[in-house]
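User: I'm new to reading protein models and I'd like to understand where the labels come from. Can we go through a few of them together?

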Amino acid sequence: MILEAAISLGGLGLLFSLCLGLASKRFYVEVDPRVGRVIEVLPGANCGACGCPGCSKYAEHVVMEPEVPANLCIPGGGEVAKEVGHITGKEVEETGKKRAFILCSGSKDRVAKSFNYQGIEDCRAALLLFSGNKSCPYGCLGFGTCVNACPFEAIEINELGLPVIDKERCTGCGRCKDVCPKGIIEIYPKDIKVYIACSNKDKGKVVKDICAVGCIGCSICAKRCESGAIEIKDNLPKISYDKCTQCKDCVGRCPQGSMVAVS
Amino acid sequence: MKRLSFTGGVYPVKRKELVKHKEIEELPVPKKVVIPLNQHIGAPCDPKVEVNDQVKIGQVVGDTDKFVSSPVHASISGKVISIKDMPHPVLGKCLAIIIEGDGKSEWVEKKPLKDWTAESPNVLRNRIREAGIVGLGGAAFPTHVKLSPPKDKPIDTVILNGAECEPYLTCDYRIMLEDTGSVITGLKIIMKILGARHAYIGIEDDKIDAIRKVKGMIDDGNIKVIALKAKYPQGAEKQLIKTILNREVPSLGLPFDVGVLVQNVGTSASITRAIMDGEPLISRVITVTGKGVTKPKNLRVRIGTLFSDVISFCGGLTREPGKIIMGGPMMGLAQFTTNIPVIKGTSGIIVFERDEVEILKETPCIKCGKCVDVCPMRLLPSVLGTLSANGRFKEAENYGVLDCIECGCCSFVCPAKRHLIQYIKLAKAEITAMKKAAS
């Protein structure tokens, strides 16, 4: 009895293993070994910043297609790019580290709410109702859609209702920028010292009425900037970081405190 | 008599008795009106007047060349004092023309077409466009666009929508009782424009006097009055077509795909005004109701009248309101200010008192399936809500989220108080944005 069972099961086992063995030879898929090595180097966060659905897909693309550059992984930065370049034999252009900046300082105590919102905690959903419940039409709604989108847990909403970005964790992948319905998240080089923390394009008087720290477009920063790195566009200063000398002079001159120094 | 119906739906408390028996009153001409340049679905109008211009009633103040759009007219005579962004009950903010009245009530020259039966469909359709007529049920879709179906999809049946399934609202009911002739004439004009042979007027069976009145006034054998079961959302056009004709509008399709056109009874009455009297759409009937209003009324209001003026004519607010809604309580939009104008799509103003408004805390879905039972579009609101909440909009699209008519039945029955409609609206908005970005 036992013998019969052992023989028949053993026989079946042998038969199937033979089939599997043959199948694995017959249907063998050629994989470039470099793909596996690239996957090992990549951070594995599947953030999608490279434009591919995930790290393994990028690895495939970068190995197989000669026109895909090796420096697309933003979280990985220069080091990963170098290694990917080394594995794939591609030349790598130097890319500096970047991170996200929130271009709004209109916290709860500085900007009034226009109405009580009762609904789902998502900025995109809140925006569908009269462009959100903040009296500043450009300001951060603070429901944390960016927090949920961040693959690196680098964003947190502080007690004043504004998102704060963890400088160490943020890799500059830009996921938050893509989901922010107000478009107030920008990706800048990690080492910048000043940025304009306001996105309100309205005229000065309108801004002053609704926000204590909103940019009024007075253009003092642009006029006084010695390197000419600031120009005013849509009532907002625009800093060209390739010209900016990081002197922080504009921060002191801003009457509204909307030009912010990075601590 | 057999009561016709559709699958799904809910039975909210109707509360129509607050204003049901009150005749339509004319609101005194307001001193100031704010006329938004976008009161309809489609392209916004460009201003056609300048600040300090004198305007007469019925004068076009905004128009555009785009087909899917509708001109706006001055609803009082007076001076344009400003053209600027003003609060809007649907869009939040919109460019608007502000007119200060001179108290003269001067009209532009009216061009009535008394003998409309002799006119060609094109002339009539153009008249409707020039009169700025849009669907008055709430969606405000330009009527002339609806009346221009594609050539390969002829319309054989017109349905007039007198269901008025939204609780509280009674404006369509009063129009059917008081302006029955205009409603029927308007229907005949629509039938002539489309060459449709049959017409039905669907009225819910809780408005039995309206059914009798309309039935009594019909002098055309091709027009029939249908008594519908009083169930929400009986007045949604796809449900109305299913109920009356047993035809199903295909997914993502429109009524003309099944050879039907649906118009609201109020729209029909204003078509008659536009053709027979040459009066553009400068006023509409609205219901001002709810416990929060001292004297609820049915009112004929000039477009652009501020909510605050309307409410003070109704005796003002009883006390600090809990919620002010434009439209019906099921699909209407809560407002945060009364400094907004009545627009073409405003069917009512409902004011709830503080203790009537419950603030519900959202809890996780318990998978009871009630929303699935009541969904009149036979979708899966619970699944759509979860997909949307997790940002899986593409999958929500595969589950048919774009077919949702946003009637609110699912949110209404949800025991977990999920904001299902808001999740669905979010998914629809995100999918539309994705499609726009892709094209």
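This is a predicted model: local features need pLDDT of at least 70, side-chain atom pairs count only at pLDDT 80 or more; totals for chains, interfaces and linings use all residues.

User: What makes β2 and β4 of chain B edge strands?

Analyst: The open sheet has 4 strands in the order β2-β8-β7-β4 (chain B), with antiparallel pairing. β2 (32–36) and β4 (54–55) each have a single partner strand, so one side of each is left without a neighbour in the sheet.

User: Why is Leu27(B) called buried?

Analyst: Buried means under 20% relative accessible area. Leu27(B) has 6% relative accessibility, so it counts as buried. You'll find Leu27(B) in the loop between β1 (24–26) and β2 of chain B. Leaving aside residues up to four places away in sequence, Leu27(B) touches several residues, including Leu299(B), Arg300(B) and Val301(B).

User: What makes β14 of chain B largely enclosed?

Analyst: Of the 6 residues in strand β14 (residues 297–302) of chain B, 6 are buried, so the strand is largely enclosed by the rest of the structure. Lys297(B), Leu299(B) and Val301(B) point one way, while Asn298(B), Arg300(B) and Arg302(B) point the other way, and all are buried.

User: Which strands pair with β14(B), and how do you know?

Analyst: β1(B) pairs with β14(B) in the parallel sense over 3 bridges, and Glu26(B) stands opposite Arg300(B). Strand β13 (residues 283–289) of chain B runs antiparallel to β14(B), with 6 bridges joining them, and there Thr287(B) stands opposite Asn298(B). The cut-off is at least two bridges, so both count as pairs.

User: What is the contact between chain A and chain B made of?

Analyst: The contact takes 13 residues from chain A and 18 residues from chain B. About 1300 Å² is buried between the chains, and carbon and sulfur atoms give 70% of that. On the chain A side, Ile120(A), Arg124(A) and Phe130(A) lose the most area to chain B, together 51% of what that side buries. The chain A residues touching chain B divide into 8 nonpolar, 3 polar and 2 charged.

Notes. Residues are numbered from 1 along each chain as its sequence is written. Chains are lettered from A and ligands numbered from 1 in the order in which they are written. Side-chain values use heavy atoms; hydrogens and water are left out. Helices (H or I, at least four residues) and strands (E, at least two) are DSSP runs, numbered from the N terminus. Contact means heavy atoms within 4.5 Å. Buried area is the accessible area (1.4 Å probe) that two parts lose on being put together, summed over both. Ala, Val, Leu, Ile, Met, Phe, Trp, Tyr, Cys and Pro count as nonpolar, Asp, Glu, Lys and Arg as charged, and the others, Gly among them, as polar. Buried means under 20% relative accessible area, exposed over 50%, partly exposed in between (1.4 Å probe, protein chains only).
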